[in-house]
Structures are given as structure tokens and as C-alpha cells.
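Let's go through this one together, asking at each step what a label rests on. Here is the structure to keep in view.

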Amino acid sequence: MTSLLRFPGARLVSHAAFVIIIWFLVMRLNDSVDPLANYYIALVAMYATAMFGMVILVGLSGQVSLGNGALMAVGGYVFAVTSLHWQTVPILGVPWNGWWSMVFAAVGGIVVGLLIGGIAARLRGPYLAGLTLGLAVGVPAIANRFPELLGGESGLMLTVPYPEGGYAPVEEEVFVDSSADTLSGDASTMAVPSADAAVSPDDMLTMDNFPTTDASAAVPSVDASVIDPGATDMSGVDLSGTGDLIDASFIIERWQAGLAITVACIAAFIALNLVRGRQGRVWRAVRDDSVAAAVAGISPAKAKVSAFAVSSLFAALAGAVFAQILSYVGPGAFGLGLSLSLLVGVVLGGRSSLLGAVIGGLLLVWLPEFVLSLSEKGGWGDQITNNAPNLIYGLLVVLVVLLAPGGIVGSVQMLIAKVTRRAPKGV
Amino acid sequence: MRYVLPLTDPVLSTRSICVTLSGLRILDDVSIGIPKGTVTGLIGPNGAGKTTVFNVISGFVKPDSGEIRVDGRKLKHIHPHRLTELGIARTLQGVGLFPSLTALENVMLGGSSRVKSGIIAQALAMPWTDTEQADLRERALAIMTELGVESDASRLPGELPYPIQKRVALARALVSDPKILLLDEPAGGISAGDMADLARLIMSWVPKRTVLLVEHHMELVMKVCDLIWVLDAGKVIAAGTPEVVRQDPAVLAAYLGQEGAA
Ligand SMILES: Nc1ncnc2c1ncn2[C@@H]1O[C@H](COP(=O)(O)OP(=O)(O)O)[C@@H](O)[C@H]1O
Ligand SMILES: [Mg+2]
């Protein structure tokens, strides 16, 4: 792809064209499917966004992260808090909107990524895993420390899309009281974890709910009622009182998916530019041999920190999108399960390929649903159904690591290389 | 006894370098100078501390005491990755190529200090980043052609024979256009024919570049070096022209000692 065009700006043009075509096609697809499919598309796009960052961090720069779910939490919470509390853009003074919250989430992600990356660059394998694991567990718990601002265990409700004219000033508290029981019947039908779907930190540690945490948090019950369009325009439209501002044909899931697709495409554009250019070579060089990289004039520390910052940027963007898919942020939504499923997705899809990130995203969304459908056919108990995806993930990861370390994309590349007798190019 | 030659303005010199690693004195008061535009040899039996001298010069190992001077200026805080900015490039003992990058990509990375655009420009694929990389690519290919490895440009290092890998590694060091080139056993594991090529190549770089050569193959060293420093057990034991060093009893003893031990 790159070797065909050789003029200044060739990468810009070819990557932009490629991403715009993909964006156009997926948006068309998004417009032609039912709301449940919209919802799945949104999740896949959201996961893909986060996993572009995982490919860069884990695959290219060779740093293990068990904590990118926590970096998503940073994006999600920055999005939620800024959209709930800020009526105007600082300095500029123009009215706030959801896109500003996205920008701040991105900036927050980069800042946190630089901080963590700075520490991570000094750590090796197991210590880095430990640090990022600590993040995965610790960051969501911060919400409990600041219940006033961050909504505690029960999280913060959002109006999605960002209400026209903004949220009411902070005095009229938007977030829900710390006990989940106070959720009104109306609110519990929203795309918010209901009391029983909410995951306690203990559960997350034992990973009983991994990785269905996310799916169950997003769709309280994946049964026929969700497919019914009548039940689907549930996501806070009524609660906010802005329902009458939105015309009847507006499908919230479609809008959410459109947002997720757009953000994923922007992330893909940036990721392609980096990965298929000098920066990708720099990351791989440092991963391969940091002494040789230094000799070549590359700062290994800087390369590692930059990989963290970029991956954190993507995680934060994905987190902001996730907040809007759920119309909610809460510690349960960004738990350890999410962090681990990102790692699972990137290992299965192929950790050195951006396409692998997308395939990993598809797998993460499809597999739990597939297991659920099996369970319905087989009449399994809840206990089995809830844990089967974890078991399958575990088995798949072990199999992939042992038999096909390149993941799905890596294996296909190897096959093609065998057939054409050429070196696998990667990415 | 200390060997200090009356060198007029060496382009690179070490002054009384002492290094202790894991409680062992690896370098003991090492002072060597490399005159501008020469090929200077650094020889000595295995474990003498030659690679450690390179590591001190390139900032991987911090000496307990002593200093490094380039063009008479003392270097403070040497960062390995900033060495090429000072006009110094080195090769690693062995090969040290990046296995997942093609030969050309490996060589291009050697010119990292020439890349001015930052990560934001890269992330947005600004057109000048393409120009920059295209220039680097051209330079890299030119040097690979000079070393006769241009036909292997798109190969991964693992697919190349060892001598070719060594040449690619050499090309990676050359692409930054260094004034001073530190070569750590460039002839290790290569054939006699390749060694003759290497000798010709090294001699073709001077006097434009200055070369510090660590090598075991005495023929090569004696053929190409203008001046030789001999290191044994972390100490400089002899220095001089190849003729002088060849006949120095201390040098003979050091090498005989090694053969006896082996
Ligand atoms: N990191 C280290 N810790 C302890 N000893 C080391 C270290 N690096 C090298 N050495 C020792 O220092 C001595 C000199 O090594 P080196 O400079 O590689 O020798 P040469 O390149 O001359 O063969 C050897 O005895 C080696 O074992
Ligand atoms: Mg050595």
C-alpha cells in the first residue's frame, strides 16, 4: 500500500481516503440495521478504538498492560464530569457540548498516559504487569473516594446525546444517590446496570463476571425486549426532559454507534499514520532491542512513554464513547474485567496489527452473545452461562499463545507468506 | 607503567577511566587517544575490557572516575541515544539488528538523529514527514549499495547470512554520517574474502572519518591500523604503531597467556 505512492503527503492522502471509505461503508451499514445491531456495532467500534492503543502498546512497543480499562475510565469520567459540570469552555467562553468533553477526555488520557508511561518505562515485565494491574483495580475505586464528584459506586447518569443547551447547573444534582435502590422504576429500564447487574469490586477480583461485566452493564437483559424498538429509546431521553427536542425517527443506538464509528475512524487514521510510518519502526525497534535502538539514536524511554500516551489517548476516547453508549459511567463499567478483555481481544485478534484490533473487538462482542445463544438452546444454568465466555477466552488465549502467537491476523499473514514465499510484513 | 602517547589533539580520548561492575574492577585508569583521521585499534585478549571502553564512551556504563573528551571538549552526561548527534556512531559486538524490521528499515533507523519531526506531525502524517523519510531512505539505500547489500533491502535480518547481517549493521552505523566510528569486532564470524573487503572499506573512510576498531583478527588490525592500544585485564599495557605493538613483550605475554588458558 505504501510502496505504490511516493510523494510528500502520500500517507496522509492514502490513509485518509482509506479511513473515509471505511467510515462511509460502516455508517451505511449502521443506518440499515436494527437498534440492537447498532448497539453491537457501537461496542465493536468502541473496543476497536481502545484496542488500536493496545496494539501500539503491547504489540509494537512490547509493554504489557493489564490496565487499559482504567485508562478508559479516565476518559469516561472526564467526559461525564466535564459534560455535567461545565457550561462554557474555559478561556474561549463558548457554550459547552459533548465534543468538548471528548476533547478533554482525550487530553486527560494523554496526560495520564504520560504519567503512567513515565513510570512504566522504568519497569520490566512482571513489575509493569503489576503496575497496570494496580491501575485496573485502583482507578475505578477512586470513584468511591469522591462520591460527590464521581458518583461513588452507583456512578453518574448522562443524557445522551449531550442535551441541547447543556445540563442544568450543578446545584440541581444530576447524579443518583449512592444507594442503587433509589433508582426509580423508570430509570432502571435505562441502559444502566441495575442493582443486580452492578458488579461489586469483590466480584471483579474473582472475575465471576468477567468479561460479561460490560455486556451485562450495558444491556441489563439481552432478551427480546431489547430488540423491540419501543423499548430501545430508553437511554435517558425521557429522564432529561429533552425527549421532545428529538424527532421521532431518532434512534439513540444508531446515534451512539455513529459516534463510536466516527471516533474509531479518527483513531484508526492516527494509528495508521503512526504505525505505518517511522514511529511504528521506532516502537518495534525498541521492543526488539533497546540497546541497539539507543545506538541508532532512538531514546527507548521516550519511545515507550509515547506508546503509553498514544494508547492512553485511544483508551480515553473509547472510554468517552463507552460513557455515551451506556449513558452512564461507574466503577463497575470500567473494572478489571474490561482491562483483561482488552488484552484478550488484542491477543486473539493479533497484537501487531491494527486489523487485529478490529477483529478482537468483533470477538469480544460476538463471543458472549454466541455463548448466550448456546446456553439458551442448551438450557444451561446462569452459573454456567455467566462463566462460559471466561472459560472460552481462557482456552482461546492459551491456544493462541501456544499455537499462533500472532493471533488471527498473524496466522493469516503467515499463511499468505508461506504461499507467496515472502516475509510477513506485519501491520 | 602508563602508556600515554604524545598525541596532538586527539578527536576522541578517554582520561583515566575507572569502571567497577559487580564489585570487579573492569577498567583501571584507562587513558587512550584516537588521532583525527586515523584508524586506531583497541586490542587485547577476551575479557580485557574493550567493549566496556565502548560502553563508557557511548554512555551505557558510567565510569567511577575519569572523563571522555571529544574534540577536546569534556562530555557531561552521555546519553547513548544522543551519541550520533555528537557525530559518533558505534556498532555492537555481534549484530544487534532489529529482527522484525527489514534490512532497509534497520539502516534507516540509524539516521534517527536526522529526523526532526515529532510524534504529532507523524500522527497526522504531515507531508514533510514523508519527505524526511524519503530522504533517509535514499541515504540508506546509497550506503547499502556502497556496502553491496542493496539487494537485501527488503529482507528481514533472520533471512540473511551472518556476514551480510554484519554489513547491514555497519550500514546502520554509517547512515548518521559519523565523524567517529566505533567498531566492535566487525570481522567476527566472517570469511577471509569478506575481511579483505572490510579492510578496504575501513581504509576508504579515513581521513574523512576517524575509526576506533576493536578486533581479534590480528591480520586485519595490523593491516588497517595507524595506531594500536593494547588492553589487558582492564589496563593499557602497550601502545604504538602495529610494528611496535607486534613485538612488545607485554602484548605477546598477554596473548600467550590467553592461549594458554584457552
Ligand atoms: N555488567 C557486567 N557486570 C559484571 N562484569 C561485567 C559486566 N560487563 C562486563 N563484565 C566483565 O568485564 C570484563 C570485560 O568485558 P568486555 O569489556 O566485554 O571485554 P572484551 O570486550 O574486551 O572482551 C569481562 O571479564 C566481563 O566478564
Ligand atoms: Mg567485547
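Q: Where is B:Ser16 found in chain B?
A: B:Ser16 sits in strand E1 (residues 10-21) of chain B. Keep in mind that this is a predicted model.

Q: What makes the phi of B:Ser16 worth a look?
A: Its phi is near 50 degrees, a positive value in a residue other than glycine. Most residues other than glycine have a negative phi.

Q: Why is B:Ser16 called partly exposed?
A: B:Ser16 has 14 C-beta neighbours inside 10 Å. A buried residue needs 20 or more, and an exposed one has 12 or fewer. The count for B:Ser16 falls in between, so it is partly exposed.

Q: Why is A:Thr88 called exposed?
A: There are 12 other C-beta atoms within 10 Å of A:Thr88. Exposed means 12 or fewer, so A:Thr88 qualifies. A:Thr88 lies in the loop between H3 and H4 of chain A. Not counting residues up to four places away in sequence, A:Thr88 touches A:Gly93, A:Val94, A:Pro95 and A:Trp96. The C-alpha atoms of A:Thr88 and A:Gly166 are separated by 9.1 Å, though the two are 78 residues apart along the chain.

Q: Why is H13(A) described as largely enclosed?
A: Of its 24 residues, 21 are buried, so the rest of the structure largely encloses H13(A). For chain A as a whole, buried residues make up 54% of the 427 residues.

Q: What about helix H5 of chain A: what is its span, and where does it bend?
A: H5 (residues 125-145) of chain A has 21 residues and reaches 30 Å from its first C-alpha to its last, close to the 30 Å expected. H5(A) bends by about 25 degrees at A:Ala136, and A:Pro140 follows within four residues.

Q: Which helices do the buried residues of H5(A) pack against?
A: They pack against helix H3 (68-85), helix H4 (98-120), helix H6 (147-150) and helix H17 (336-349) of chain A. The buried residues of H5(A) include A:Leu128, A:Leu135, A:Ala136 and A:Val139. An α-helix has 3.6 residues a turn, so residues three or four places apart point the same way.

Q: Which residues have the most contacts inside the largest nonpolar core?
A: Among them are A:Met46, A:Phe52, A:Leu317 and B:Leu213, and the core has 197 residues. Leaving aside neighbours within four places in sequence, A:Leu317 is in contact with residues including A:Thr49, A:Gly75, A:Met102 and A:Val263.

Q: What is the strand order of the open sheet in chain B, and why are E6 and E10 called edge strands?
A: The six strands have the order E6-E7-E8-E3-E9-E10, with mixed pairing. E6 (88-90) and E10 (235-240) of chain B each have a single partner strand, so one side of each is left without a neighbour in the sheet. On average, neighbouring strands are turned by 15 degrees against each other, direction ignored.

Q: Which pairings are parallel or antiparallel in this sheet?
A: Strand E3 (residues 39-43) and strand E8 (residues 210-214) of chain B run parallel, joined by four bridges. E9(B) and E10(B) run antiparallel, joined by five bridges. E9(B) and E10(B) form a hairpin with two residues between them.

Q: What makes the bond between B:Val206 and B:Pro207 a cis peptide bond?
A: Its omega is about 0 degrees. B:Pro207 is in the loop between helix H6 (192-205) and E8 of chain B.

Note on methods
Residues are numbered from 1 along each chain as its sequence is written. Chains are lettered from A and ligands numbered from 1 in the order in which they are written. This is a predicted model: local features need pLDDT of at least 70, side-chain atom pairs count only at pLDDT 80 or more; totals for chains, interfaces and linings use all residues. The expected span of a helix is 1.5 Å times one less than its number of residues. The bend at a residue is the angle between axes fitted to the seven residues ending there and the seven starting there. Two residues are in contact if their C-beta atoms, placed from the backbone, lie within 7 Å. A nonpolar core is a set of buried Ala, Val, Leu, Ile, Met, Phe, Trp, Tyr and Cys residues joined through C-beta atoms within 7 Å. Two strands pair if DSSP finds at least two bridges between them. Axes are lines fitted to C-alpha atoms, for helices over the stretch in contact, and angles run from 0 to 180 degrees between N-to-C directions.
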